[in-house]
Number of protein chains: 2
Amino acid sequence: MTIKDARTPASTQNTAQADTAENTDTAEDTEAGKSIGWHKAYVEGSRPDLRVPVRQVHLTNGQSVTLYDTSGPYTDPLVGTDVRRGLAPLRENWIIARGDTEEYAGRPVRPEDDGIKHTSPRGGLRNLDAVFPGRPRQPRRGRDGNAVTQLAYARRGEITPEMEYVAVRENVSPEVVREEIAAGRAVLPANINHPEIEPMIIGKRFLVKVNANIGNSAVTSSIEEEVDKMTWATRWGADTVMDLSTGRNIHTTREWVLRNSPVPIGTVPLYQALEKVDGRAEELTWEIYKDTVIEQAEQGVDYMTVHAGVRLPYVPLTANRKTGIVSRGGSIMAAWCLAHHKESFLYENFEELCEILAAYDVTYSLGDGLRPGSIADANDEAQFAELRTLGELNRIAKRCNVQTMIEGPGHVPMHKIKENIDLQQEICDEAPFYTLGPLTTDVAPAYDHITSGIGAAMIAWWGTAMLCYVTPKEHLGLPNRDDVKTGVITYKIAAHAADLAKGHPGAQEWDDVLSDARFEFRWEDQFNLALDPDTAREFHDETLPAEPAKTAHFCSMCGPKFCSMKISQDIRRQHGSSKGEIEEGMAQKSKEFAAAGNRVYLPIAD
Amino acid sequence: MTIKDARTPASTQNTAQADTAENTDTAEDTEAGKSIGWHKAYVEGSRPDLRVPVRQVHLTNGQSVTLYDTSGPYTDPLVGTDVRRGLAPLRENWIIARGDTEEYAGRPVRPEDDGIKHTSPRGGLRNLDAVFPGRPRQPRRGRDGNAVTQLAYARRGEITPEMEYVAVRENVSPEVVREEIAAGRAVLPANINHPEIEPMIIGKRFLVKVNANIGNSAVTSSIEEEVDKMTWATRWGADTVMDLSTGRNIHTTREWVLRNSPVPIGTVPLYQALEKVDGRAEELTWEIYKDTVIEQAEQGVDYMTVHAGVRLPYVPLTANRKTGIVSRGGSIMAAWCLAHHKESFLYENFEELCEILAAYDVTYSLGDGLRPGSIADANDEAQFAELRTLGELNRIAKRCNVQTMIEGPGHVPMHKIKENIDLQQEICDEAPFYTLGPLTTDVAPAYDHITSGIGAAMIAWWGTAMLCYVTPKEHLGLPNRDDVKTGVITYKIAAHAADLAKGHPGAQEWDDVLSDARFEFRWEDQFNLALDPDTAREFHDETLPAEPAKTAHFCSMCGPKFCSMKISQDIRRQHGSSKGEIEEGMAQKSKEFAAAGNRVYLPIAD
């Protein structure tokens with residue numbers, strides 16, 4: 001279905017006429033359950049195979065509202081999905097048409113990729129069915145060492161279908177997208193081996209994005225759970241997902257996630273590399289790491305966190321910290337550097353790494369391995385020393401045509417947040433900043449989605465392009481399904497609050513239509529427009545469950561007599577049938593007061 | 001028990017020696033349940049009847065940490081409490097000793113005070129047992145029209161026991177407290193008819209405070225529930241509680257709440273006045289309102305929201321708003337003004353009201369009846385016109401020696417928040433600002449504790465003295481017990497994040513001891529120091545329930561191999577037995593690198 005004028009993140013249009021036809025398409029998605037007030041629609045670009053998904057909310061007053069949608073084909077009842085087959089490779093023809101890539105045999109998948117080096121006592125794959133059964137595929141790479149990156153195309157002046165796609169999605173011109181990518185101020189993570197994704201962009205001129213972390217660990221969780229968490233996270237608005245698995249079956253879990261993901265997938269290759277050396281950091285080598293990166297690039301990982309900024313001389317800077325090194329990758333690299341008393345192999349081989357990433361269009365997410373893990377350690381020498389190195393690495397990556405974003409903290413009190421984004425933008429030539437929170441206090445374990453949501457909203461307002469979510473389980477355990485949802489919703493709030501504060505075109509329309517619905521007591525519209533319609537409806541129904549209450553001009557909070565909005569409406573009704581009339585009548589009264597000095601009390605001398 | 005050096009909001013001390021004795025006192029509070037790692041203690045002031053409660057957390061390393069405590073005698077197993085008798089009148093002797101007040105017969109309590117004007121079909125009190133059975137008492141008021149307010153005393157240079165009490169609580173000198181109150185920059189809400197409270201202070205130089213709203217409505221909830229919500233809210237850290245009841249039994253509910261509350265209680269007298277005229281705003285009169293204020297002042301209400309700033313000429317300014325008037329009190333007053341086409345009776349009789357409040361030391365909370373109810377309406381003419389009037393009223397109140405704070409919005413996008421606090425401080429001579437949130441977006445009903453927690457943290461950092469909590473039920477229904485807890489915890493986070501950002505002395509010590517415990521894997525200490533120990537422990541136990549896991553050097557999030565803090569500790573162990581040694585050894589390496597130009601790659605020309 002083509003919606004020609006539904007291109008803003010939250011554009012309104014009167015579709016009273018079209019409604020009848022559209023209602024026949026209304027999503028009967030069982031997962032979405034009660035969310036029957038919206039359906040999946042598509043905005044078509046300049047070519048029929050460029051169809052940008054949107055969430056179209058149908059209001060009871062005949063309006064319809066179009067919202068940005070990350071949920072993929074899963075919420076489109078007209079598209080059949082099967083996790084055992086994977087999603088359709090939307091971008092495949094675009095990639096092939098560019099003619100600069102080639103299929104090749106690829107690196108053979110080995111048992112140790114899934115942590116099965118030692119067969120006893122741990123045994124083989126717990127579940128042999130776990131191997132992804134989808135269509136056979138060969139990996140693809142840039143021909144003749146070409147950098148087949150969106151950055152390379154943008155710099156050449158080419159507007160790719162991917163760029164046009166995100167232009168439609170963000171309601172900007174394709175040229176703006178190309179410019180931002182070419183300047184390194186935005187990234188479009190899109191590995192040529194992940195043709196299933198719906199392209200999206202990360203940059204401060206665009207909508208603030210949210211990443212959700214999933215991943216099993218040695219202690220808990222299974223492949224099925226991780227795939228479910230991924231679709232669940234994107235259903236609630238995650239723009240990218242990082243698979244941070246550290247336990248068994250890393251390769252296979254990632255394959256399932258990638259083949260079923262409509263959003264870019266990020267990883268930290270170091271985690272898998274460490275599994276390959278049985279958790280002994282000092283046994284890591286550049287060769288093992290590089291092999292792991294190629295393995296993951298062939299699978300289609302869209303961006304990789306690389307902790308190349310943790311350099312040997314910076315490790316002592318953490319010695320007097322309250323919480324040392326809290327980044328997993330950072331602590332692994334620090335341990336390696338100290339064990340060998342050598343400079344980081346990631347730092348020393350960074351250019352070679354760039355060449356690999358460029359051949360697949362894997363985007364760098366330069367990790368902040370020395371980020372502060374407590375309020376006491378915020379903005380210290382270790383953190384900023386690493387940031388300066390990230391600035392240096394960013395330039396190398398850009399020289400190699402590799403798209404790059406920079407990761408940021410961490411635990412930072414509010415008054416030290418702005419310095420982080422300002423320094424990062426200056427040192428890293430405005431490369432997109434991608435921050436974890438920051439958490440604004442350490443005292444609330446079990447509520448760190450909130451301690452960090454506060455910092456996230458602020459740093460995004462000031463220019464952070466993507467926010468990595470924090471769930472209520474942070475510091476305590478692995479997030480379950482509910483935690484994933486809570487984390488994503490909290491971060492969508494932070495992101496949208498930032499979009500509003502940045503004055504992002506169209507952002508406020510969403511708030512406006514919801515507030516209109518609230519003032520007019522259109523309860524169903526309020527629910528359907530809410531970030532989380534299910535919970536909003538459930539909370540309302542807890543105290544006023546009856547169906548008539550859905551059209552009542554009050555709620556249980558104040559009851560009918562004390563409903564300010566009801567009184568407000570009554571005022572408008574009783575004192576004029578239009579706003580103009582109230583104003584006119586009242587303006588007269590107002591003038592009388594003004595003429596009388598506009599006060600009842602006389603001015604008070606200080 | 002006297003703790004002589006436990007005066008900071010989060011001071012640490014080594015009490016290894018005292019531990020044995022103290023452990024015999026450890027709170028066995030059944031409500032607190034699992035929180036056995038802390039107990040209630042008291043810091044004594046200059047006189048034996050001045051004992052300031054603190055929460056003393058005992059750490060497994062022998063340290064003990066003292067935290068600000070609002071939970072009242074309920075968490076002290078050595079004090080017997082009985083909600084049918086009420087709390088002990090701690091301040092009674094202080095009030096009597098001042099010799100400027102008198103007991104008097106008081107206004108007779110009438111059936112209509114509880115909404116029982118019409119006996120049928122609604123019947124009498126649903127539950128006659130509901131009448132508070134505690135000790136008989138007569139109200140007290142200032143003799144000869146004296147202003148018996150902390151403001152009057154402070155201006156006279158007197159340091160009252162209440163001032164000394166908050167000085168101990170806040171770890172500042174009593175003179176600072178007196179000065180801030182005298183200057184109108186802080187309020188100490190303490191009605192002489194509420195001798196049960198543990199005095200606290202609201203002002204930007206002190207810890208940021210949190211208010212929790214409770215109250216039944218015509219639609220739901222009972223007296224018992226409201227008393228329970230009050231003790232529950234203060235248990236989690238609410239510094240004051242507003243009873244916003246609007247249904248039946250308003251007078252009796254309030255009596256139960258007041259007699260059992262260790263924190264100041266606020267109300268909006270207009271709500272009860274409206275009940276007395278059966279919800280017909282136009283039938284309100286100054287006489288009915290004044291009678292209600294006296295009724296509540298005699299009961300002991302510590303601060304009252306008065307919407308005297310909603311003036312007739314401002315009502316038309318709301319005509320083109322997206323969400324009109326969203327304050328209940330504001331909309332009632334606007335309806336009254338329009339119905340009579342007269343200036344607000346609250347505005348016109350404000351000086352007389354001041355005289356009443358001064359006779360009981362009721363603090364004003366000048367309501368922002370025209371606060372924005374949506375992002376679209378933020379910082380508009382209606383809002384700021386009212387603010388200017390609040391500035392005028394603040395000066396009148398101060399002239400009458402009435403303590404005064406100013407209420408603030410509401411729904412405000414992040415980039416418009418600072419203007420609110422800056423203008424308020426300027427217009428209202430730095431009177432304490434008391435804000436509801438603000439909510440930074442409208443799109444997340446069911447998560448408005450978070451949308452507003454973001455705004456609350458920011459505005460508190462910039463100078464707001466007290467934050468009125470918002471629960472997940474905002475816009476949808478009345479909060480239940482869980483919602484109250486979630487609201488309070490969210491706002492304690494916002495308040496503490498602001499204390500940190502303001503550099504409040506002692507604030508960071510709390511974060512520091514918790515982060516120390518985290519780095520050293522003292523899980524029990526982490527839980528006991530957390531804002532919500534129960535949930536932190538529960539989340540940890542969900543994945544690693546076994547008791548040994550409480551001492552494990554990792555958690556389920558990353559598992560043992562990937563625990564950055566474990567690796568960080570191992571590094572310190574392996575590369576030197578002290579931080580100094582690591583530093584020394586590494587500093588040498590660092591120098592070598594510096595000598596080599598501190599980089600592996602050559603500088604890149606731009």
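Which strands of chain B form the closed barrel, and in what order do they run? The order is E9-E10-E11-E12-E13-E14-E15-E16, eight strands with parallel pairing. This is a predicted model.

**The barrel in chain A**

Chain A also holds a closed barrel of eight strands, E9-E10-E11-E12-E13-E14-E15-E16, with parallel pairing. Its twist averages 25° from one strand to the next. Within it, E10(A) pairs with E11(A) in the parallel sense. Val241(A) stands opposite Ile265(A) in E11(A).

H13 of chain A, residues 381-399, lies across strands E13 (363-366) and E14 (404-408) of chain A. H13(A) runs at about 165° to E14(A).

| Strand | Partner strand | Bridges and sense |
|---|---|---|
| E10(A), residues 240-243 | E11(A), residues 265-267 | two bridges, parallel |

**Chain A as a whole**

The secondary structure of chain A comes to 21 helices and 16 strands. The chain has 606 residues, and 68% of them count as buried. Its accessible surface comes to about 19,600 Å². Carbon and sulfur atoms account for 50% of that area.

How many of the chain A contacts between residues at least 6 apart in sequence join residues at least 24 apart? The share is 74%.

**How the two chains are related**

Two copies of a chain are related by a rotation about an axis and a shift along it. Here a rotation of 180° with 0.0 Å of shift along its axis superposes chain B on chain A, with an RMSD of 0.0 Å. The two copies are therefore related as by a two-fold rotation axis. In chain B, the C-alpha nearest the axis belongs to Ile454(B), 2.3 Å from it.

Why do the copies meet through the same surface? Of the interface residues of chain B, 100% are also interface residues in chain A, so both copies use the same surface to meet.

Key. Residues numbered from 1 in each chain as written. Chains lettered and ligands numbered in written order. Predicted model: local features only at pLDDT ≥ 70, side-chain atom pairs only at ≥ 80, totals over all residues. Heavy atoms only, no water. Least-squares fit on C-alpha atoms with pLDDT ≥ 70 in both. Contact = heavy atoms within 4.5 Å. Pairing = 2+ DSSP bridges. Helix = DSSP H or I, 4+ residues; strand = E, 2+ residues; numbered from the N terminus. Buried < 20%, exposed > 50% of the residue type's maximum accessible area, 1.4 Å probe, protein only. Areas by Shrake-Rupley, 256 points an atom, 1.4 Å probe, with all protein chains shown as cover. Axes fitted to C-alpha atoms, helices over the stretch in contact; angles between N-to-C directions.
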